[in-house]
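Subject: Handing over the structure

Hi,

Here is the structure I promised to pass on to you. Please open it alongside this message, and I will walk you through what turned up.

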Amino acid sequence: MRLDLKGDRVILNHDKGASSEILFYGATVISWKSVTKSNSELVEHLFVSEKAFLDGSKAVRGGIPVVFPCFGPPVHPQHSKLPQHGFARSELWKWDKVLTETEAEVSVQLTLDPTASIIAKFDRPFHLAIVVRLTEHQLATELHVQNTSTFDGLEFQALFHNYFRAPSSEVLIFPLHHQSYYDKTAPTEEERNRLKEETRVDVDVKKYTDFVYENAPQDYEVTWPQGGIAIKTIELKDLVVWNPQETGSKIADMEDGGWERFVCVEPGYVRGFAKIQPGETWVGHQFLSVIHDKRTHL
Ligand code: TA6
């Protein structure tokens, strides 16, 4: 197992061929590759738009952006000065340390503490750490949120905005049958705020999809004919499924037709706010594993 600290990123390499790249900007995982069991091909599992900015000028369009302390447009009074999806994905995180380095796995930690620019829009004490762990066929990410205040509670939302590289017209997400969700693509605000029930056994994103599943199963399979990713989560009680389809052409840093090549399946705590008392730490985990065998749920 090897890791290389380069100017703006850290690269993790597994002896069996897997690798991952983490930009210090936004602590954004911009690559996760592993060797398939079927034909020993090295496959990139994440989508990063060819038009994405990787120079720190704006949040990366792709990979695994870290969303904190708010998901979507801010609604909490303490978040009112924040941009959509908060500040974590648009700040320069600090390289902290190697946590584990064995033949089986390497894990590293980056941290983020309040800077003047953060305090100007989010004046609450906190300490963030992100852990990225790579093994031969799995990538895990953990977000640690520590309330460093000695007297005030901390309220926040958090999410891993995963862009999985996949043929969006053939993707199926399971199990979401009978789950409650909000449809952010609905034409009226009343409908967007109305809880619906998922009637499909397998959810596809053939049409423009922007669904927020509340209190979802926390274990998922994202599959397509040539592959898939299994997702296990801890503390991330909600799930967002997004693909803009043709509306993606209006996204400035979306490569032409990029919506055909990714699906966003995003575990998070985004309905309501997580609350931690002074000195407490909240940890949200996701474990992404490559699916090598065919899964069917019909
Ligand atoms: O996670 C889905 C979503 O909230 C969509 O509504 C869409 O806005 C997407 O995130 C991308 O947001 P961004 O701020 O990165 O353009």
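Leaving aside neighbours within four places in sequence, Gln 84 is in contact with Gly 72, Pro 73 and Arg 89, where contact means heavy atoms within 4.5 Å. Gln 84 sits in the loop between strand 6 and strand 7 (94-101); strands here are DSSP runs (E, at least two residues), numbered from the N terminus. With a relative accessible area of 43%, Gln 84 is partly exposed. For that wording, buried means under 20% relative accessible area, exposed over 50%, and partly exposed in between (1.4 Å probe, protein chains only).

Before going further, two notes on the source. This is a predicted model, in which local features need pLDDT of at least 70 and side-chain atom pairs count only at pLDDT 80 or more, while totals for chains, interfaces and linings use all residues. Residues are numbered from 1 along each chain as its sequence is written, and side-chain values use heavy atoms, with hydrogens and water left out.

**The annotated site**

The unreviewed UniProt entry carries a "binding site" annotation that covers Arg 61, Gln 84 and Arg 89. These residues are spread over 29 residues of sequence, yet they cluster in space, with a largest C-alpha distance of 13.7 Å. UniProt positions are given in the numbering used here, feature names are shortened, and annotations may be inferred rather than shown by experiment.

Arg 61 belongs to the loop between strand 5 (42-44) and strand 6 (66-67). Arg 61 counts as buried because its relative accessibility is 17%. Beyond its neighbours within four places in sequence, its contacts include Phe 47, Tyr 163, Trp 242 and Asp 253.

**Around the ligand**

Which residues surround the ligand? They are Arg 61, Phe 71, Gln 84, His 85, Arg 89, His 161, Lys 184, Asp 210, Val 240, Trp 242 and Glu 266, each with a heavy atom within 4 Å of the ligand. This shell divides into 3 nonpolar, 3 polar and 5 charged residues. In that count, Ala, Val, Leu, Ile, Met, Phe, Trp, Tyr, Cys and Pro are nonpolar, Asp, Glu, Lys and Arg are charged, and the others, Gly among them, are polar.

One is 2.8 Å from an N or O atom in the side chain of Arg 89. For the side chain of His 161 the distance is 3.0 Å, and for that of Lys 184 it is 3.2 Å. The protein covers 82% of the 390 Å² of accessible area that the ligand has on its own (Shrake-Rupley method, 1.4 Å probe).

Gln 286 lies in strand 21 (residues 281-290) and is buried, at 0% relative accessible area. Its side chain makes a polar contact of 2.8 Å with that of Asn 162; the term stands for a pair of N or O atoms within 3.5 Å, where within protein one must be able to donate a hydrogen and the other to accept it, and residues adjacent in sequence count only if both atoms are side-chain atoms.

Phe 262 has its place in strand 20 (residues 262-276) and is buried too, at 0% relative accessibility.

Thr 199, in the loop between strand 15 (196-197) and strand 16 (209-213), counts as exposed at 65% relative accessibility.

Best wishes

Key
Helix = DSSP H or I, 4+ residues; strand = E, 2+ residues; numbered from the N terminus.
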